[in-house]
Amino acid sequence: MDWHLLGLSFITVFLSELGDKSQLAAIALSGRCKSPRAVFFGTAGALLLTSLLGALAGGAVAEVLPTRLLKAIAAVGFAILAARLLLFNNEASAESLKDECTEG
């Protein structure tokens, strides 16, 4: 086990996840719903699964494409997400999330 890589991965993901949209959604859900434990297990499971898929896909793609190209693709992807967050209205998705919590 590469402990340095493990620690670096943990710190990088931990710091990048603080205050992001998924954490804010978890805070909102646990504040509105009656089961914060279910929200915790749901969000923790989702983060674990996405991290696993990212690590597997990253390892496979790194074998085929050069690192510089991967960084460029990631930069373009983040730029598209940033533009989408800035330019489009997300009120409808927030309302549907609120409705799902109150129904169950």
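Author: Two or more lining residues come from each of H1, H2 and helix H3 (36–64). Bear in mind that the model is predicted.

Reader: Which element gives the largest share of the lining of the largest pocket?

Author: H3 does, with 14 residues. As for volume, the largest pocket holds about 870 Å³ of space.

Reader: How many helices and strands are there in the chain?

Author: The chain has five helices and zero strands. Along the sequence this reads as the pattern α-α-α-α-α.

Reader: Where does UniProt place the feature "transmembrane region"?

Author: A record can be set beside the model. The unreviewed UniProt entry gives this feature at residues 38–62 and 69–87. In the model, residues 38–62 are 100% helix and 0% strand, with 36 Å between the end C-alpha atoms. Residues 69–87 are likewise 100% helix and 0% strand, and their end C-alpha atoms lie 27 Å apart.

Reader: What share of the residues of the chain count as buried?

Author: A residue is called buried when its relative accessible area is under 20%. By that cut-off, 3% of the 104 residues of the chain are buried. The accessible surface of the chain is about 8,800 Å², and carbon and sulfur atoms account for 71% of that surface.

Reader: Which residues form a nonpolar patch on the surface?

Author: Phe10, Ile11, Phe14, Leu15 and Leu18 form the patch, and together they have about 540 Å² of accessible area. One of them, Leu18, sits in the loop between helix H1 (3–17) and helix H2 (21–32).

Reader: Why is Leu18 called partly exposed?

Author: The term covers values between the buried limit, under 20%, and the exposed limit, over 50%. Leu18 has a relative accessible area of 45%, so Leu18 counts as partly exposed.

Reader: Where is the place of Gly42?

Author: Gly42 belongs to helix H3. Its relative accessible area is 43%, so Gly42 is also partly exposed. Gly42 and Ala26 are 16 residues apart along the chain, and 9.1 Å separates their C-alpha atoms.

How values were computed: Residues are numbered from 1 along each chain as its sequence is written. This is a predicted model: local features need pLDDT of at least 70, side-chain atom pairs count only at pLDDT 80 or more; totals for chains, interfaces and linings use all residues. Side-chain values use heavy atoms; hydrogens and water are left out. Patches are made of residues with over 30% relative accessible area and no salt bridge: like charges are joined within 9 Å, nonpolar side chains (Val, Leu, Ile, Met, Phe, Trp, Tyr) within 5 Å. Accessible areas come from the Shrake-Rupley method with a 1.4 Å probe; for residues, only the protein chains shown count as cover. A salt bridge is a side-chain nitrogen of Lys or Arg within 4 Å of a carboxyl oxygen of Asp or Glu. Helices (H or I, at least four residues) and strands (E, at least two) are DSSP runs, numbered from the N terminus. Buried means under 20% relative accessible area, exposed over 50%, partly exposed in between (1.4 Å probe, protein chains only). UniProt positions are given in the numbering used here, feature names are shortened, and annotations may be inferred rather than shown by experiment. On a 1 Å grid over the protein atoms alone, a cavity is a set of points where a 1.4 Å probe fits but cannot get out, and a pocket is an open set with protein on both sides within 12 Å along at least five of seven lines; lining residues have an atom within 4 Å of a point. Grid points are joined across faces, edges and corners, and a volume is the space filled by probe spheres set on the points.
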